[in-house]
Every structure is written in structure tokens, then in C-alpha cells.
Protein chains: 2
Amino acid sequence: MKTLILNKNEVLNYLKIENVFDAVKNSYIDFCNDDVLQPKITSIDISKNNAEMDFKYGYSKSKDIIGMKIAGGFWDNPKLYDLPSGVALINLFDAKTGIPVAIMDGTYITSYRTAAAGALASTLLAKADSNKLAVIGTGDQAKMQIIFHINYFGLKYINIWGRDIKKASKLKLELETKYKDIEFNIYNDVKLACMDVDIIITTTPSDKALVKKDFVKDGCHINAIGADCPHKQELDENLFRDAKIVTDNTSECISRGETRTAIQNKIITESDIHAQIGEILLGKKEGRTNNKEITIFDATGMSIQDINTSYMIYKKAISDEVGISLDIL
Amino acid sequence: MKTLILNKNEVLNYLKIENVFDAVKNSYIDFCNDDVLQPKITSIDISKNNAEMDFKYGYSKSKDIIGMKIAGGFWDNPKLYDLPSGVALINLFDAKTGIPVAIMDGTYITSYRTAAAGALASTLLAKADSNKLAVIGTGDQAKMQIIFHINYFGLKYINIWGRDIKKASKLKLELETKYKDIEFNIYNDVKLACMDVDIIITTTPSDKALVKKDFVKDGCHINAIGADCPHKQELDENLFRDAKIVTDNTSECISRGETRTAIQNKIITESDIHAQIGEILLGKKEGRTNNKEITIFDATGMSIQDINTSYMIYKKAISDEVGISLDIL
């Protein structure tokens with residue numbers, strides 16, 4: 001049986017905002033419908049190389065597909081090897097036979113499916129007329145979150161905060177060339193960036209709180225995207241006290257996400273978490289119910305997002321005869 | 001950066017008894033020298049397809065290589081799809097950059113490195129003049145254990161036990177054609193197969209004890225290969241009471257191996273385990289010390305065996321310009 005190999009550019013050609021948004025939406029529904037087996041995410045720490053490798057894997061019962069994503073943060077790559085710091089490879093297996101049906105780059109898939117998760121959460125939890133967005137961070141995920149949010153909201157103002165003002169300016173320039181009707185502003189003060197916005201998205205690998213409680217106005221929605229392992233934190237844990245908290249996967253967010261710090265510091269307990277996002281999509285729990293509440297979406301990412309997105313690409317590539325088909329096993 | 005893809009036959013061409021034996025020997029030494037990070041083995045149960053997928057992964061510090069093996073038992077494959085029940089794929093990553101350097105079939109590697117582990121344990125724990133071997137099981141691993149043991153011992157008699165007498169006869173015929181100086185006998189009674197032999201090797205997926213305590217004579221060495229997850233058992237747990245017990249990796253054998261049942265039934269405690277095999281190779285613990293003792297080697301298999309074996313193949317293939325080199329990431 002053949003294994004289809006898809007490279008970075010072949011994968012990128014199939015990634016569209018709408019189809020990834022749908023794949024991620026279905027992932028959250030699958031997860032809450034108990035259609036997914038996902039062992040706990042594990043990591044190998046390679047601190048001598050300033051790197052970390054994460055293993056996210058799962059089984060989609062309805063698709064009968066097993067997926068394994070090996071994804072790394074190799075922070076010295078840009079400086080030492082002229083390579084991106086984020087690298088990922090996805091393997092998909094037929095769960096009837098165990099044969100690998102596809103192997104593909106997972107870097108862009110990670111980037112797109114994470115941005116889609118943020119945009120989807122905002123459509124459920126932010127005010128529908130949100131027009132001011134603040135993004136904390138200037139990397140690839142900051143850019144992708146902005147692009148996805150522009151697709152789903154009538155944004156007029158986008159604030160970008162970065163430690164490195166050059167990187168922030170470069171991102172601003174790139175985006176304002178493309179989106180001429182939107183006003184982009186850069187800040188080196190998180191408070192000023194967050195003041196008066198409707199949606200805040202955190203996308204950094206910070207290990208201490210950047211967004212303080214008093215920076216956030218009533219009715220604001222926050223997507224906590226960056227913090228996905230125990231030593232990371234971007235939000236002041238006090239923000240969790242009165243907020244409506246939604247997770248992608250409560251058990252992972254409690255052990256690896258932003259929610260972890262809030263629980264550990266006894267600001268909230270697990271029972272204060274309002275919902276997993278799939279429960280809102282299924283109509284089992286409410287999303288935003290008024291214009292005053294502060295909502296937080298905490299995401300650590302799930303294997304089923306990678307499986308559903310890569311499987312969608314695999315099916316399209318097979319149909320278009322794209323990629324290289326090899327007998328490996 | 002390129003990823004080298006090697007198919008089943010290309011991998012097989014590089015698998016030789018001696019080089020796999022050496023790779024496995026070095027793996028046990030690396031493990032006991034703390035050169036290896038190995039998260040716990042995890043599994044996904046796919047019982048609706050009568051299958052299971054295991055994920056074995058690790059990091060070799062000295063090679064700066066991360067390996068991930070996705071290996072499955074798909075028991076309906078031969079019957080329904082004319083495919084082998086054991087399937088495996090190995091991914092190797094450069095731990096400096098996170099780029100996948102090689103992707104290869106892992107089926108033969110699993111088969112060879114497991115047989116090498118058994119033969120290596122026997123060279124350390126069986127009597128040097130062992131000439132009678134019993135193998136419980138008639139599958140691929142039964143055959144491979146026999147072939148590896150013939151290479152390291154002057155075997156004269158080999159007993160094969162199988163539930164399916166046709167499969168046992170087929171294996172006997174295949175082996176006696178190749179090894180004309182050895183007498184092969186088949187049995188459908190485990191007691192008769194084990195009586196008076198020097199080495200017993202269990203290779204089945206049995207879930208209840210096949211080899212009883214009174215079947216095993218003084219001075220016998222047992223390789224417990226088949227039982228590698230909680231519901232499996234091949235040895236009577238009472239065999240552990242007075243035996244010298246050696247594991248490949250004590251923490252995994254306690255949670256997934258044959259040793260698990262003996263501890264659970266309070267026949268032994270963890271402190272009764274004599275050594276990890278790498279400690280014997282390093283001269284920190286003794287192997288067999290007399291001709292009377294019964295020795296048991298319990299193996300659940302380790303990622304570093306897959307990493308060292310597949311890395312050896314990768315280096316040879318690169319040097320010989322074998323395989324297909326692709327830009328994936």
C-alpha cells in the first residue's frame with residue numbers, strides 16, 4: 001500500500017481560511033462527541049540545543065485514522081541554521097491496517113489550525129460587533145491570528161505589541177499593505193495596546209504575565225494561545241477570577257495551559273471552568289450572554305485538529321494527484 | 001534539508017545479525033549510562049479493528065537524534081487484507097534542528113532488534129554450552145529468535161510449540177532446510193516442549209501463563225519476549241520466586257512486562273529484580289554465576305534499540321546513496 005508524501009508547499013496550497021476553520025470546528029465537535037482517543041501530549045526536553053519536541057497523537061474513530069504530529073520548537077534555528085524555529089511532521093495511518101497513508105509537513109498546518117481555533121473561539125465568545133483587536137506578539141502566529149480574525153470580524157483597528165519594535169513595524173507594514181481599510185498601530189506597552197479593545201490574543205512564549213487584569217475592559221474576549229506548557233504564562237491569573245473560562249480540552253489546559261497557573265494559585269478551581277468549546281458548538285453550553293462579561297479561551301491544541309486538517313489535505317491531494325506516492329511498508 | 005525515505009527491502013538489506021546485535025548491545029549500555037531520554041511507551045487501543053498502535057520514542061543524547069516508532073499489531077491484516085499483522089514506521093529527527101532526517105519501514109527493524117535482544121540476553125544469562133532450545137510460538141519472532149540464537153550457541157535440538165500444528169510444521173520445514181545439523185521437533189504440549197531444554201523463549205500474545213514452573217529444569221534461561229502490555233502473560237508468575245530476574249528497562253517491565261504479573265500477585269517485589277541488562281554489560285552486576293540457577297530476561301523493548309538500529313541503517317544508506325531523498329519540511 002502506498003504512502004503519500006506532501007511537502008511544505010503542497011500542503012500550503014490546500015490550506016484556506018474557511019476549510020481549516022471548518023476542520024477545527026469539526027475537531028472540537030468530534031472531541032466532545034467522544035469520537036476521539038487522544039493520549040496525553042508528551043514532550044522531550046532538549047535544553048542543550050535550546051529546543052523541545054512535542055508529540056501529539058490521536059485516533060479519529062469516525063475517520064478510522066490515527067495521526068501523529070512530531071512538532072518542535074528549535075529556538076536557535078533562525079540564528080544558527082537559517083531555518084524556522086517551528087518545525088513539524090505529521091504521519092497519518094489507516095486504523096484498519098496500520099499502514100501509513102500520508103506523511104506531510106505539519107508546520108503550516110499547526111500555524112493555520114491554531115489561528116483557526118482562535119478565530120472560531122472569537123466568533124463564539126467575542127462581541128459580534130468587535131472592531132478593535134490587540135495582538136500580543138509579532139511572530140508567525142500573531143500574523144495568522146490577525147488574518148483569520150479579519151476574515152470573521154469587521155475589524156477597524158488592530159494593535160500590535162512586541163518587545164522588538166523592528167519586528168512589530170515589519171508586521172504592521174506587511175499587514176497594512178494588504179488590508180488598506182484597517183488602521184494598524186504598534187505599541188511597546190502592553191497596557192496601551194490592550195486599552196479599549198474588544199479582543200486580545202496572546203501569542204508569545206512568555207514565562208510571566210504580560211496582560212494584567214486592569215488592562216482589560218468589560219466585554220473583552222481573550223484568546224490565550226501562547227501558553228501551552230507548564231512554565232509559560234501570558235495572562236495575569238487574576239483575570240480568571242470573574243471571567244467566563246472556555247478551554248479546548250480541560251484536562252490538558254489544567255496541566256499545561258494558562259488555566260494551570262490560575263488553578264495553582266487558587267484563583268479558580270476546575271469547576272469554575274464554564275465549558276469546553278465543543279460543548280458550545282454542540283449547544284450544550286452557552287457562549288457569550290451579555291456585553292459586559294470578560295471571556296477567556298485557553299487553548300493548548302489537540303491532535304484531532306491536526307488529524308482533521310491533514311486528512312482534509314490528504315483527500316484533496318489524492319483527488320488532484322498531488323505529491324509523491326511511495327511503497328514504504 | 002532532505003529527508004531520506006527507505007522502504008522495507010532497502011532496510012532489510014542492511015539488517016545483519018551481527019550489526020543489529022551490536023546496535024542493541026550499545027542501546028542497553030546507552031540506557032544504563034543515562035544517555036537516553038525515553039518517555040513512557042503509550043498505546044492507542046483500536047479494539048473495534050482488533051488492533052493496537054504503540055508509540056515508542058526517545059532521544060539519544062550522544063547521537064543528538066530523536067526517534068519515533070509507530071508500531072501496530074493489526075491482527076486481522078493477514079485474513080482481511082493480505083498484509084502482515086505487525087507494521088511499523090520509524091521517523092528520525094536531527095535534535096539540533098528538528099528536521100526529519102529519515103523515515104523508514106520499522107517492521108523488520110522491530111523483528112531483528114527484538115531477536116537480537118533475546119540472543120544478547122542468552123549470551124549473558126544462559127549456560128555457555130546450551131544446546132537445547134524451546135520456542136513457544138510459531139510466528140515471525142519465533143523464527144527470528146531461533147535464527148539469532150543459532151548464531152551465538154552450538155544448538156543441537158530446537159523444540160517448537162504452537163497451538164496451530166500446521167504453522168509449527170511449516171516453520172520446522174523452513175528451518176530444517178536451512179540448518180541441516182540441527183534437529184527440530186514440534187509439540188502441541190508446552191510441558192513436553194520445555195522439558196530438559198537449556199533456553200526457553202516465549203513469543204506469543206498469550207493472556208495466560210503457558211510455561212508452568214514445573215516445566216522448567218534447573219539451570220534454564222528464559223527470554224520473556226511476547227508479554228509487553230498489561231493483559232499479556234506467558235510465564236507462570238511462580239517462576240519468578242527463586243529466579244534471577246533481569247529486565248531491559250525495569251520501570252517499563254513493572255508496568256507492562258511479564259514482571260508486572262509476578263509483582264501484582266506478590267510473588268516478588270521490585271527489589272527482587274537482579275539487574276537491568278545494561279548493568280551486566282557494564283560489569284556493574286553479574287550475569288549467570290552457576291549452572292543451577294534459573295534466569296529470566298523480561299523485555300518490553302526500548303526506543304533506543306529502534307533509534308540505534310535505524311540510525312545505523314540511515315548512515316549506511318546515505319553512504320551508499322540508497323533510498324529516496326525528499327524535501328518535506
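**Chains and domains**

Student: How many residues does the contact take from chain B and from chain A?
Tutor: Bear in mind that this is a predicted model. The contact takes 40 residues from chain B and 40 residues from chain A.

Student: Which elements give two or more residues to the chain B side?
Tutor: On the side of chain B that touches chain A, they are β3 (42–46), β4 (51–60), β5 (65–74), α3 (77–81), β6 (86–94), β7 (100–105) and β18 (324–327) of chain B.

Student: And how does that side divide by class?
Tutor: The side of chain B that touches chain A has 27 nonpolar residues, nine polar and four charged.

Student: What rotation superposes chain B on chain A?
Tutor: One of 179°, with 0.0 Å of shift along its axis. The RMSD is 0.1 Å. The two copies are therefore related as by a two-fold rotation axis.

Student: What share of the contact residues of chain B recur in chain A?
Tutor: 100%; the same surface serves both copies.

Student: New topic. What domains is chain A divided into?
Tutor: Domain 1 covers 2–109 + 304–327, and domain 2 covers 124–301. Their C-alpha centres lie 24 Å apart.

Student: How many residues does each domain of chain A give to the contact?
Tutor: Domain 1 of chain A gives 11 residues and domain 2 of chain A gives 15 residues.

Student: Which element has the largest share on the domain 1 side?
Tutor: Helix α2 (residues 17–32) of chain A, with six residues. By class, the side of domain 1 of chain A that touches domain 2 of chain A has six nonpolar, three polar and two charged residues.

Terms used. Residues numbered from 1 in each chain as written. Chains lettered and ligands numbered in written order. Predicted model: local features only at pLDDT ≥ 70, side-chain atom pairs only at ≥ 80, totals over all residues. Domains from an automatic or database assignment. Contact = placed C-beta atoms within 7 Å. Helix = DSSP H or I, 4+ residues; strand = E, 2+ residues; numbered from the N terminus. Nonpolar A, V, L, I, M, F, W, Y, C, P; charged D, E, K, R; others polar. Least-squares fit on C-alpha atoms with pLDDT ≥ 70 in both.
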